[in-house]
Amino acid sequence: MKIIQSRIAKVLLASIIALLTIFTSVVNSQSTSGILFAQKPNGELSYYSYSGSPNLNNFNNNGNERVISSGWNIYSKIFSGGSGIIFAQKPNGELSYYSYSGSPNLNNFNNNGNERVISSGWNIYSKIFSGGSGIIFAQKPNG
């Protein structure tokens, strides 16, 4: 059942990426909370939420985005860590995170919505992503 749900989520995510070309990136929340994050080229970060299976009939807010905030275009990569964590990498290699409780709107972000810097040097990796549960994977350009 989990394999089928994972495949459905991947197909849905691919469909949304294809349909939502106005976004710089769309990322899954990597959790069971049913949240997709989307970043626009103008720096707005939004989210879409759904309950049940990830199909268009189950999206909340009539399938419309909910804008979290702007200014996210200072990051070269944004990805979810699941469980209320958003990781953000700047072009200079600095990796930060934002945490929130409940829904990912600006009122629910911890640390007054400010980033918390983890460390620098992350720009040596070509790919960075989270597997959830506090784990970050990083791949160097040489594989």
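Me: Rings of Phe, Tyr and Trp (its six-membered ring) count as a pair if their centres lie within 6.5 Å, and such a pair is stacked with planes under 30 degrees apart, edge-to-face over 60 and tilted for the rest. Which residues do ring pairs link into a cluster?

Reply: The model is predicted, so that local features need pLDDT of at least 70 and side-chain atom pairs count only at pLDDT 80 or more, whereas totals for chains, interfaces and linings use all residues. Residues are numbered from 1 along each chain as its sequence is written, and side-chain values use heavy atoms, with hydrogens and water left out. The structure holds 10 aromatic pairs. Ring pairs join into one cluster the residues F37, W72, Y75, Y98, Y100 and F109.

Me: Why is the pair of F37 and Y100 placed in its class, and which class is that?

Reply: A pair of aromatic rings is described by the distance of the centres and the angle of the planes. For F37 and Y100 the centres are 6.4 Å apart and the planes stand at 70°, so the pair is edge-to-face.

Me: How many residues apart in the chain are F37 and Y100?

Reply: F37 belongs to strand β2 and Y100 to the loop between β7 and β8 (116–119), with strands being DSSP runs of E of at least two residues, helices runs of H or I of at least four, and both numbered from the N terminus. Both of these residues are buried, a word that stands for under 20% relative accessible area, with exposed meaning over 50% and partly exposed in between (1.4 Å probe, protein chains only).

Me: Which class does the pair of Y100 and F109 fall into?

Reply: Y100 and F109 are both buried. Their rings lie 5.4 Å apart, centre to centre, with 45° between the planes, and the pair is tilted.

Me: Is K90 buried or exposed?

Reply: K90 sits in the loop between β6 (85–89) and β7 (95–99), and 18 residues separate K90 from W72 in sequence, against 9.8 Å in space from C-alpha to C-alpha. Beyond its neighbours within four places in sequence, K90 is in contact (heavy atoms within 4.5 Å) with I74, Y75, S76 and E115. Because its relative accessibility is 16%, K90 counts as buried.

Me: Which residues does S49 touch, not counting those up to four places away in sequence?

Reply: S49 is part of strand β3 and counts as buried because its relative accessibility is 13%. With residues up to four places away set aside, S49 touches G34, I35, N58, F59 and N60.

Me: What share of the accessible surface of the protein chain belongs to carbon and sulfur atoms?

Reply: The protein chain has 1 helix and 10 strands, which run from the N terminus as α-β-β-β-β-β-β-β-β-β-β. Of its 143 residues, 36% are buried, and among contacts with a separation of 6 or more, residues 24 or more positions apart account for 34%. The accessible surface, by the Shrake-Rupley method with a 1.4 Å probe, comes to about 8,200 Å², and the part belonging to carbon and sulfur atoms is 51%.
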